[in-house]
Amino acid sequence: MNATSLNRTDCPEVKVPVPLFFAVGVVSLAENLLVVIAVISNRNLHSPMYCFMCSLAAFNTMASLTKSWENLMILLADVGQLRKTGKPETSLDDLLDSLLCMSFMGSIFSFLAIAVDRYITIFHALHYYNIMTMRRTAAILALIWTVCGVSALFMIRFFESFIIMICFVVFFVVSLTIICFLYVYMFMLARIHARKIASLPSGRRQRWWGSSMRGTLTLTILFGAYLFCWTPFFLHLIIIMVCPMNPYCECYRSLFQLHVVLLMSHALIDPAIYAFRCAELRRTFRKMLLCSHWDCCD
């Protein structure tokens, strides 16, 4: 009995109901679109940090839309309305895979940009607005989206190459290491820097420091949620590369649909964290949902 048959006997594939995929995808899509519209419509949120958070929400929106569309294609193929091996279908599947890869890389780059922004905010406060201008923020966002788009197309086109898969793994590990180092370094120096801030004459600086640290804590929670939701899926990709025929690895791969649901849930969790941690976003959401901002209830 070969590894495949062992997998089929001992570790049957865990199936997730299609309606659950659609429910998570549609709700997360609506939530992240709400975040993007809120940041664009509220001038008080036109700052580098919220621009990077808006970019993160846009990448989450892309992931939700991509997986929802892919699930729709699978559903149509199962009922015989779509061919699984046709050239248009294969091209569309490659495009969706590229968009999913782009959203994955974009989330990592967005977290990295936010971590650097928080570092500058806390430890170079007096020069923050000279360093992080909106023009530079726009340039950074343009660079992130361009690099992610080109890299995603390249990775999907040559994903069967062992070198490309190694690069993908190295990118993930190095990026997470840098982000974790920045957050740990910020919290380690926070106490020392807080004493220097406390020696300044104005209480305004104290409030600014508290707001900055609160923002850093919020983004740390977001990063933790990202790790929790994306790591199982990323381990799945590593297992495909390292031990594709091992029966124990196949048992982990049988949970693929659960990993995808968890991946999609990340886009569902982030807006809830935004709303829970940011008062300005909560007020903006309330205005949008109650239509008070546009007086549409008149």
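Trainee: Leaving aside its neighbours within four places in sequence, with which residues is Asn 60 in contact?

Mentor: Contact means heavy atoms within 4.5 Å. With neighbours within four places in sequence left aside, Asn 60 is in contact with Asn 32, Ser 107, His 266, Ala 267 and Asp 270. This is a predicted model, in which local features need pLDDT of at least 70 and side-chain atom pairs count only at pLDDT 80 or more, while totals for chains, interfaces and linings use all residues. Residues are numbered from 1 along each chain as its sequence is written, and side-chain values use heavy atoms, with hydrogens and water left out.

Trainee: Is Asn 60 buried or exposed?

Mentor: Buried means under 20% relative accessible area, exposed over 50%, and partly exposed in between (1.4 Å probe, protein chains only). Asn 60 has a relative accessible area of 2% and is therefore buried. Asn 60 lies in helix α3, residues 48–78.

Trainee: How many helices and strands does the chain have?

Mentor: Helices (H or I, at least four residues) and strands (E, at least two) are DSSP runs, numbered from the N terminus. Here there are eleven helices and zero strands. Of the 298 residues in the chain, 44% are buried. Among contacts with a separation of 6 or more, 80% join residues 24 or more positions apart.

Trainee: Which residues have the most contacts inside the largest nonpolar core?

Mentor: In soluble globular proteins, nonpolar side chains tend to be buried together. A nonpolar core is a set of buried Ala, Val, Leu, Ile, Met, Phe, Trp, Tyr and Cys residues joined through side-chain atoms within 4.5 Å. The largest one has 71 residues, and Tyr 50, Phe 104, Tyr 183 and Leu 281 have the most contacts inside it. The helix α4 gives the most to this core, with 13 residues. Leaving aside neighbours within four places in sequence, Phe 104 is in contact with Phe 168, Phe 171, Phe 172, Tyr 226, Trp 230 and Phe 234.

Trainee: Which residues make the nonpolar surface patch?

Mentor: Like charges are joined within 9 Å, and nonpolar side chains (Val, Leu, Ile, Met, Phe, Trp, Tyr) within 5 Å. Val 18, Trp 69, Leu 72, Leu 75, Leu 76 and Val 79 make a patch of about 470 Å². Its largest share, four residues, comes from α3.

Key: Patches are made of residues with over 30% relative accessible area and no salt bridge: like charges are joined within 9 Å, nonpolar side chains (Val, Leu, Ile, Met, Phe, Trp, Tyr) within 5 Å. Accessible areas come from the Shrake-Rupley method with a 1.4 Å probe; for residues, only the protein chains shown count as cover. A salt bridge is a side-chain nitrogen of Lys or Arg within 4 Å of a carboxyl oxygen of Asp or Glu.
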